Every structure is written in C-alpha cells, then in structure tokens.
Amino acid sequence: MKKCLIVLLLTSVALLSGCVTGRRSVSLGVPQVTPGAVDRGAIQITSVADNREFQNNPLDASVPSINGDVSTMTPEQKSKMIGRQRNGFGKAMGDIALANNESVPQRAQALVEAALKKRGYKIATDGSAPVTASVSVDEFWAWFTPGMWTISFEAKVVCTITLTRAGSPASVTIRGHGMNKGQVASDENWQRAYDRAFADFLEKFDKELDTTPF
C-alpha cells in the first residue's frame with residue numbers, strides 16, 4: 001500500500017510539472033482599455049530601462065535567474081527572460097522567454113501606455129507633449145510553487161515611472177501581482193498569471209494617479 005502511494009505521488013508530480021526542460025516561449029498580451037472620458041493631454045514615454053537583477057541559483061523562485069550563468073548573457077538576451085520552469089519538486093529547470101522576439105521593456109511600455117490611455121492621456125511620439133515619462137522595470141517575473149495536486153503560478157510586475165512636467169519630476173512605483181492555479185505547466189497557465197498581474201498593475205496605477213499631481 002505504501003509503495004502504491006509513493007508511485008501515485010511521483011506520477012502526480014510528473015504530470016503536474018509538464019515539460020520543464022529547454023526554453024519555453026510565451027506570448028503576453030496587454031489588456032485592451034477604454035480611453036478615459038476626460039482629455040488630460042499628451043504624454044511621451046522617452047525611455048524604458050530593464051533594471052531587473054538576476055542571480056545565479058537564487059533560493060527564492062521569484063528572483064530572476066536563467067538555466068546557466070547569468071554573467072554569460074547580454075542585456076538583450078536577459079531582456080527576453082520572464083520566468084523559470086521548475087519540476088514537481090521545485091528544482092529550477094528551463095527558461096521562459098517572451099515569444100515573437102519581444103522584450104520586457106517593450107511589454108512594460110505597452111502596459112504603461114495602456115494605463116495612461118485609460119486615465120485619459122494621449123501617447124505622443126513627436127516631442128511636443130507637455131509631460132514626459134521614463135520607466136524603470138524593477139521586476140517582471142513569473143514562477144510556480146508545486147503542490148500535490150495543483151501548481152500555483154505567480155507573476156509580478158513592478159515599474160517606477162517618473163513623470164516630468166515643466167522640469168518638475170514626480171515618481172510613482174506601481175506593483176502588480178497575479179496568481180493562477182493549474183494542473184500542468186502550460187503556456188496558458190503562465191499567461192493567466194501574467195494577465196492577472198497586468199490587470200492588477202492597471203488598477204493600482206489608476207488609483208495612484210488619483211493622488212499624484214502632474
């Protein structure tokens with residue numbers, strides 16, 4: 001009986017983990033938003049910097065890492081990494097990268113632009129906007145925590161946005177978190193965690209702009 005339970009447990013762990021080796025490519029869509037009813041003018045995003053800190057073999061799965069030595073990767077290569085795959089026992093395995101040759105700064109910019117449009121701002125690109133914004137991507141990562149029957153998929157997105165009007169800057173840090181539970185490490189389960197993190201980010205950004213004068 002004991003052997004049967006062990007076999008059942010190991011089988012369940014294997015099924016829950018799915019394919020965790022190699023590199024998985026996942027496409028992340030930014031939510032479509034309805035432009036705000038009040039026209040607040042134009043903003044131009046002048047820079048988006050990927051300031052995430054990667055570590056080799058971190059103890060915390062929520063810390064960015066790669067399947068290899070971080071020091072061997074170029075900034076461009078790291079900019080495409082958005083998570084690590086793990087086996088059913090929590091051991092780090094393969095990488096998760098953005099699909100379609102996209103990068104974290106590109107996805108973060110699209111997310112911030114969506115938040116500003118939702119607020120009623122227009123996104124300018126010609127240098128004529130009275131307000132400019134620079135974005136620091138501090139966190140943008142997904143991980144999972146294995147369980148006996150389900151896996152908890154989590155994603156977090158943290159950006160510091162500095163908005164400048166007439167030479168006067170104001171900075172806000174927005175944190176989005178999403179969790180999804182599933183039974184296999186599929187693209188869809190990773191995407192759902194990010195979908196919820198993006199939605200949380202947009203909601204918190206909107207609330208923050210209620211109290212940030214610019």
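With which residue does K207 form a salt bridge, and how far apart are the closest N and O atoms?

Modeller: The model is predicted, so local features need pLDDT of at least 70 and side-chain atom pairs count only at pLDDT 80 or more, while totals for chains, interfaces and linings use all residues. Residues are numbered from 1 along each chain as its sequence is written, and side-chain values use heavy atoms, with hydrogens and water left out.

K207 forms a salt bridge with E203, and the closest N and O atoms are 3.3 Å apart. A salt bridge here is a side-chain nitrogen of Lys or Arg within 4 Å of a carboxyl oxygen of Asp or Glu. Both residues lie in helix 4, 4 residues apart, or about one turn of the helix. Helices (H or I, at least four residues) and strands (E, at least two) are DSSP runs, numbered from the N terminus. K207 counts as exposed because its relative accessibility is 52%, whereas E203, at 41%, is partly exposed. The cut-offs are under 20% relative accessible area for buried and over 50% for exposed, with partly exposed in between (1.4 Å probe, protein chains only).

Helix 4 holds a further pair of this kind. The side chains of D200 and K204 meet in a salt bridge at 3.1 Å, N to O. D200 and K204 are 4 residues apart in helix 4, so about one helical turn separates them. D200 counts as buried because its relative accessibility is 17%; K204, with a relative accessible area of 38%, is partly exposed.

Now the packing of this helix. The axes of helix 3 and helix 4 (residues 187–209) come within 10 Å and cross at roughly 45°. Axes are lines fitted to C-alpha atoms, for helices over the stretch in contact, and angles run from 0 to 180 degrees between N-to-C directions. The two helices are therefore oblique to each other: angles under 35 degrees count as roughly parallel, over 145 as roughly antiparallel, 65 to 115 as roughly perpendicular, and the rest as oblique.

From helix 3, L111, V112, A114, A115, L116, K118 and R119 meet F198, F201, L202, F205, D206 and L209 of helix 4, where contact means heavy atoms within 4.5 Å. Of the residues in this contact, 10 are nonpolar, none polar and 3 charged. Ala, Val, Leu, Ile, Met, Phe, Trp, Tyr, Cys and Pro count as nonpolar, Asp, Glu, Lys and Arg as charged, and the others, Gly among them, as polar.

R119 belongs to helix 3 (residues 104–119) and is buried, with a relative accessible area of 13%. Leaving aside neighbours within four places in sequence, R119 is in contact with G36, V38, R40, D206, L209 and D210.

As for the whole protein, the secondary structure comes to 4 helices and 8 strands, in the order α-β-β-α-β-β-α-β-β-β-β-α. Buried residues make up 47% of the 214 residues. The salt-bridge count comes to 12, and R23, R84 and D95 are linked in a network of such bridges.
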